[in-house]
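Below are my notes on the model, as numbered points. Please read them with the structure open.

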Number of protein chains: 2
Amino acid sequence: MKERRDPAVINKPAALDFLFKPKSVAVIGASNRPLTIGYRILRNLSESGYKGAVYPVHPAEDTVGGLKAYKSILDVPGGVDVAHVVVKSALVPAALEECGRNSVRSVIVNTAGFSETGGEGLALEKKIIKIAAKAKMRLFGPNCQGIMNSDPLVRAYCNFTYTKLQRGGISVAAQSGGVGEVLIQRLNTLGAGFRMYASNGNAADISIPEIMSYWADDEETKVILIHLESLADPEEFMEIASRVGRKKPVLALRTGRTAEGSRAVVSHTGRLMGSGVPLELMLEKCGVVSFRDQDELCQAAVAFASQPLPKGKRVAIVTNTGGHGIIAADACVEAGLLVPPLPDRTREALKAGLFPEAAAGNPVDVLATATPAHYGLALGELMKDGGADSVLVTFITPFFVDCEGVAREIVKACAGKEKTVAAVIMTDKARQAKTLEIVKESGIPVYDFPETAAKALGAMARLAEYRARSGETFEPFDVDKAAARAVVTAARKAKRAVLGARECAIILDSYGIPRAPAANCANLEDCLSAAGKLGFPVVLKIDSASVIHKTEAGGVVLNIKDKKELAAKFKGMKSLAPRPRFLVQKQLPAGIEIIAGARAVPGAGHVIMFGLGGVFVEVLKDVVFQFAPLSEQAARRMVASIKSHAILEGFRGKAGADTEKLAEILVKLSQLVADLPEITELDLNPVFAYQDPSKTAAVDVRINLNLSTVHRNIP
Amino acid sequence: MKERRDPAVINKPAALDFLFKPKSVAVIGASNRPLTIGYRILRNLSESGYKGAVYPVHPAEDTVGGLKAYKSILDVPGGVDVAHVVVKSALVPAALEECGRNSVRSVIVNTAGFSETGGEGLALEKKIIKIAAKAKMRLFGPNCQGIMNSDPLVRAYCNFTYTKLQRGGISVAAQSGGVGEVLIQRLNTLGAGFRMYASNGNAADISIPEIMSYWADDEETKVILIHLESLADPEEFMEIASRVGRKKPVLALRTGRTAEGSRAVVSHTGRLMGSGVPLELMLEKCGVVSFRDQDELCQAAVAFASQPLPKGKRVAIVTNTGGHGIIAADACVEAGLLVPPLPDRTREALKAGLFPEAAAGNPVDVLATATPAHYGLALGELMKDGGADSVLVTFITPFFVDCEGVAREIVKACAGKEKTVAAVIMTDKARQAKTLEIVKESGIPVYDFPETAAKALGAMARLAEYRARSGETFEPFDVDKAAARAVVTAARKAKRAVLGARECAIILDSYGIPRAPAANCANLEDCLSAAGKLGFPVVLKIDSASVIHKTEAGGVVLNIKDKKELAAKFKGMKSLAPRPRFLVQKQLPAGIEIIAGARAVPGAGHVIMFGLGGVFVEVLKDVVFQFAPLSEQAARRMVASIKSHAILEGFRGKAGADTEKLAEILVKLSQLVADLPEITELDLNPVFAYQDPSKTAAVDVRINLNLSTVHRNIP
């Protein structure tokens, strides 16, 4: 992991103004040859109507792109906010030195051949990072496209692509320039345009999280779109994304999801998305809405940019074709929305005002012959009705209907209201250009298909759910943190990564995590005495760091009935390790087998795991995960969301388990690993759960420590 | 279910020529008022350049739409192939009578107010069906849009919408006219156009399967798209779709998938998709590729219309942006495709011919700076390489590259070859119009996003898989069908819907389906003697039609150890029913609990079910289904496809089960219900399965019969 930047720098709102709102741009490596990047950037600046000064730098030419050229960046007068560097990679360090000497505020190094190639490129990248840092000059790239700003007062096209600078409210940051370009081209095609754009390639200095932080304070940015292939610093990302996500919708394209895709990520970026980082969970934890499809992302962004977030998942559908009502209902449900029946009052109002053959259910089918007044009435009722959080209106344009009139009624009923609206207008776009324009100009997002609108509304409802959950807080239990900390510190000092049974017991007890009663024993006498106190039957386990897989090694015997059996089993077990210790544990009655655990995620805290044991985890992989620490509500959701949940409720007359107790154990577990980040793995496997919460207890526990670096957890 | 038509009529290839290639069209209810259907149809016929004669029928006007009008259809000279009927519903019967008298060959009744409204409308529809049948006149509709044919020799626009008649190879049949219109508009926008179109509303006579059958023989139709909301006759659909699907790709939009969607179907069409008909299975059984999304369907259709089917699921990806290579790999895998490493020979050829920094894995990243020659080389190698069945090539158009040259190389390497190809060109469509055109004109489908191309290739691979499976045939076992038939016939004669234990045993034995050894007993002496022969422990079960839930009623006692216990249990059980019989069954050792069964699907044969018992079926719903009869391969796939499959393989050292034996039982079960369609439900619950196939046996069986109608099964 690279060195972290000072958060104070990142969080300063105007910190990137000079990059995104440059008053002057120099191009080192400017060229008169049309197929070069040095030509293209100059041309883009001029064609986009850039409002600042442009300084081509060329060692020989007097003019480049019709502008006066300078022999060196040192010759450029006045301050330079952005200097593009497009010279060969070997010449970049010298160019940056000169930039520094002329107080250039930031450099966009478009040139490739740095860390993405490994070896010498990596060294070269480290070198330019140093040069820039020394000169207090921010570095964008290398191996990158650049930035764009469609603000009419700026119009900066510091990039070598050719996408129209179409003004809008969506800002896009993409690790892959190719993907970023496709996203803004699509936003343009959809008529949404974009606000600012950044593709920072190797991200040697200015990172996507820093850019997100800057856009969080940019008033004209309504929505932030990001595309990430690898996360250099998961902690930085989670910290910033969580904060930005509370302020503005952040939508992420999640690529490299499959084994094949992530193999391609390695091949492309030379690094893996922090091996084992559960990106989906991370995004959810930060309140970032993730997408799998570029078009779906862009289409949803249009709605996010113009509509208020819905308060919940309930959607009301209005249509003038039954077939599309069905399609919309299917698509809404599959996008995670609810399509509930409408309240009686609304149904009655619809029945009274629509054609007698119209359907006043949900979907509301106003019929193909519906007039503008019918649309107005139906939408008016739904907008004021408390039974839905958003409205999806579809309109196929029949030739015998006043289509522009319908459009005007849609706008009158829905535009600028507090309820979320998405419109689907299915038509010949040339013939019904005016109809489309009426709705689009009102700020209501217009889609070609009900499926697309449903997905956009579904994404908005997801964010609303994340936001609602952001009020849930982790409430720490009253624990003996010092006692647990002492165990961990002592073990690490002694360079022991695997904790012994006695140590595990102290830690669980300190956090009030119930375990089966047990005693640590050194010899047979201890064992017999402990069994006498605990009461037979008992379990005998070996307790030795040299026996890791106890069960497989014969280091666990269950259900020992009496002293004689205990003595016999002891005899068999004591030779398994040199100078072993033993654990004598009360044999609990059969309960529902649960597994609960925690895993450290480098740079991003711990993930808590929950599931049922045995075939449920091993064959059916019916396990759920969440980042620590857990709120009580989040822990309850984990318990409720396993597929085999019905077993906890008591299946076929069998006893169930107290699920509140299980949620409590998860919260405590999350508190424990948050307090003790040195823990890399903790497994309670199994926990025996019963209807009586006071009986629920961990039967076996394993705790592993990290003996080297320790990452902080994210609050 | 409605009366079935004579298959001979349906299967006659040219049977619908007069409808889709009419030499003359009359419009009864033609009008000079622009916002009427009677006006719009005339206008559409003239604007589309219809090649035949057009006869407006109007009771008063001399000319309509500038054409000579006739007072009555009886006055129209010459033969009329199609008569549109757009008069009020009450006037339709009389209009049809007149059409019949003037030998009109087919009528398109656009008018609504028939079965879709229930009650009187239903009666009216029955009436017009009779009139048409009597006059040997085919009826299209009522409550429908009509047909279209873009053939330059026909150009028939017998429909009141206004979609451009853009020539193409895809024919579209839609139950909902609104959905159909959106589909063809989208095909037009995608540049694919369409061949013929039909939306037949209530489908009183001419059905979508009949239309599919007609299009199967239409040479210019390369792909058939269908949209169905309800299936009037599942058997007709399956028969015809299976046959047509072997000849041409049939792609279906599956709507009403969710509870909410299917509620909307009822509201829209007044009927449910044959309550309980598992449409997804049905489509798969017929080799129809199903889609959930209108746009995805249209985008895939473009590839189906122009590309050969791939031979398998392996795809090779070529890209000039790493980011899109990753996106393509993810999307391909998620679309069910494989993205395997390339063969060494291919990798070496790529390494030798591409830039040194290019990635010769899969995806192949030729780099943004790749020349036309690089694209040509990479694609040439992949097209001849045996390691992939299809090629997905993405191209983002860098300004410094000869983009048209790349397009030409793509075409040269890929167009018209035997391997499936899909291209993704990401660009500014205005600036790179020529580049796009070069590829599109070659017949290679061009997409905007890798995700869309991947889904299209995935759908093609699905059809290839269906086609490959169509060679798998059901191989009947040698069974004693007569013995089983006799049991069923006798029970039905006696009006007994639930078979007794002895009857079930005969049926299973006749088909070689193993069951636990057992004896039918009338009294205690019988029971004791049977137990003596079988050997203790035994199971005692009551066998009485009046005790349906035996276990709950106390009619099953397991694991009876000796004669004394048997006598005691017998005493307790004999009062559960008047004059009961008993089953004494050998108690089998614990095995893996399997459930297998069959359910009749009205009008579509039987569905076979397979899963593990207990929590696996009841909590986790880990059960799979397939239509009977099953090929050996299909049965094996069922066994292999449950999520808990690993348990059958032997989980954690526990004994597994012989899966071949389970597959054999499924095939025999499917043969049984195919031979005995009177069976509505058959449950083997549980079957105890062991590693030793000879021990695997059904422990309990339940067979229910249909005492009224019986549907045929589909071979």
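1. In helix 4 of chain B (residues 92–101), the buried residues are Val92(B), Ala95(B), Leu96(B), Glu98(B) and Cys99(B). A residue is called buried if 20 or more other C-beta atoms lie within 10 Å of its own, exposed if 12 or fewer, and partly exposed in between, with C-beta atoms placed from the backbone. Helices (H or I, at least four residues) and strands (E, at least two) are DSSP runs, numbered from the N terminus.

2. This is a predicted model, in which local features need pLDDT of at least 70, side-chain atom pairs count only at pLDDT 80 or more, and totals for chains, interfaces and linings use all residues. Residues are numbered from 1 along each chain as its sequence is written, while chains are lettered from A and ligands numbered from 1 in the order in which they are written.

3. The buried residues of helix 4 of chain B pack against strand 1 (24–28), strand 5 (82–85), strand 6 (106–109) and helix 5 (120–134) of chain B. Contact here requires C-beta atoms, placed from the backbone, within 7 Å. Just after helix 4 of chain B comes Ser103(B), with a positive phi of about 55°. Ser103(B) is not a glycine, and its place is the loop between helix 4 and strand 6 of chain B. Ser103(B) is exposed, because 12 other C-beta atoms lie within 10 Å.

4. Helix 20 of chain B (residues 524–534) has Cys527(B), Ala530(B) and Ala531(B) as its buried residues. Their arc around the axis is only 100°, which places them on the same side of helix 20 of chain B. Glu525(B) and Lys533(B) are exposed on the other side of that helix. The cover over the buried residues includes strand 20 (518–521), strand 21 (538–543), helix 22 (563–573) and strand 23 (581–586) of chain B. Gly535(B), which follows helix 20 of chain B, has a positive phi near 90°.

5. Which residues form the contact between helix 20 and helix 22 of chain A? Helix 20 of chain A supplies Leu524(A), Cys527(A), Leu528(A) and Ala531(A), and helix 22 of chain A supplies Lys563(A), Leu566(A), Ala567(A) and Phe570(A).

6. Most residues other than glycine have a negative phi, and most peptide bonds are trans. Arg579(A) has a positive phi, near 45°, and is found in the loop between helix 22 and strand 23 (581–586) of chain A. Arg579(A) counts as exposed because it has 8 C-beta neighbours inside 10 Å. The peptide bond from Asn362(A) to Pro363(A) is cis, with omega near 10°; Pro363(A) is in the loop between helix 13 (344–353) and strand 16 (364–365) of chain A. Another cis bond runs from Gly141(B) to Pro142(B), with omega near 0°. Pro142(B) belongs to the loop between strand 7 (138–140) and strand 8 (146–149) of chain B.

7. Between the chains, the contact takes 58 residues from chain A and 58 residues from chain B. Helix 12 of chain A (322–334) is among the elements that give two or more residues to the side of chain A that touches chain B, and gives the most, with 10 residues.

Conventions: Contact = placed C-beta atoms within 7 Å. Arc of directions from axis to C-beta.
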